[in-house]
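Biologist: I would like to learn how to read charged pairs in a model. Can we work through one together?

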Amino acid sequence: MKWNNFKFIILLIASLTLTSCVETTSNKKSSSASTTQSTVLLPSDSDGYDDDYVDDSDLPSYYDLPPVSSGQEGVIVHGTNHPNRNPPPNGIFWSSERNMSTANQEILKTDSRFNIRLMALSGPSQNTVDSNGVACSQLPVGYQKLQVSICVRKKNGACVYMHLFDDLDLNEWSLTKEFNIPSNTDDPLVIEVLDAQWDFSCTWNGSGSSYCPFSAVWDQDCVRFKMQVSTDGTQDLPGGRY
């Protein structure tokens, strides 16, 4: 009888020891599973799209066109209002392809963003050379507004998009025009100025009319304006949109 009691006590101790071992092993497995899950969720181990994301604030500012190298900033062009005028080369007042260096044209390469805004500037000083190499022989005149028509196209081909920047006040930015990106192009886009008009033809004599239509700039005179452009390689232009 004593032997049986002794055997019972031995079995009870063994049973308690085995239960303790099982619980300890179970706790270790639970801890290991939790650690593994946390490791999987770490961003450093992810190959997702967000790894390549660049915040807009980290990008360089938008570009001034044309880039200022020397002299007066902005696009400077002669007018066309004269029967014996010398038209701009190929009928285009200014072209990024023609009037910017090949290196500078590279800033117009983009595949997701192409936004432009303009600002009218006061007339250039007398004898300033315009963007096409022709001297502005006349003294600057006091126009207050400009109207500029531009097109955006691929390197080869006609205009894909056109926009008229109307009522450009001196030293004030226009609204920003957002252009779609032409398909199937890996080259820099091209900006062309198709026309530039002013309000001076009906204000020079002091008529004080409340309405002044835009008209072609006189062929011996020059006007001046500048552009800014944002691409997917820059911050976006601020302000309202067309």
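Biologist: Is Asp169 buried, partly exposed or exposed?

Modeller: This is a predicted model. Buried means under 20% relative accessible area, and exposed means over 50%. Asp169 has 27% relative accessibility, so Asp169 counts as partly exposed.

Biologist: Which side chain does Asp169 meet in a salt bridge?

Modeller: Side chains of opposite charge can pair when their charged atoms come close. Here Asp169 meets Lys145, at 2.5 Å from N to O. Asp169 sits in strand S6 and Lys145 in strand S5, so the pair ties together parts 24 residues apart in sequence. Lys145 is partly exposed too, with a relative accessible area of 26%.

Biologist: How many salt bridges does a search of the whole structure find?

Modeller: The search finds nine. One of them joins Lys226 and Glu73, at 3.5 Å from N to O. Lys226 lies in strand S10, and Glu73 in the loop between strands S1 and S2, so this pair ties together parts that are 153 residues apart in sequence.

Biologist: Is Lys226 buried or exposed?

Modeller: Lys226 is buried, at 14% relative accessibility.

Biologist: Which residues are linked in a network of salt bridges?

Modeller: Glu97, Arg153, Lys155 and Glu192. Within it, Glu97 and Lys155 meet at 3.6 Å, N to O. Glu97 is in helix H2, while Lys155 is in the loop between strands S5 and S6, 58 residues apart. Glu97 is partly exposed at 28%, and Lys155 is partly exposed at 33%.

Terms used: Residues are numbered from 1 along each chain as its sequence is written. This is a predicted model: local features need pLDDT of at least 70, side-chain atom pairs count only at pLDDT 80 or more; totals for chains, interfaces and linings use all residues. Side-chain values use heavy atoms; hydrogens and water are left out. A salt bridge is a side-chain nitrogen of Lys or Arg within 4 Å of a carboxyl oxygen of Asp or Glu. Helices (H or I, at least four residues) and strands (E, at least two) are DSSP runs, numbered from the N terminus. Buried means under 20% relative accessible area, exposed over 50%, partly exposed in between (1.4 Å probe, protein chains only).
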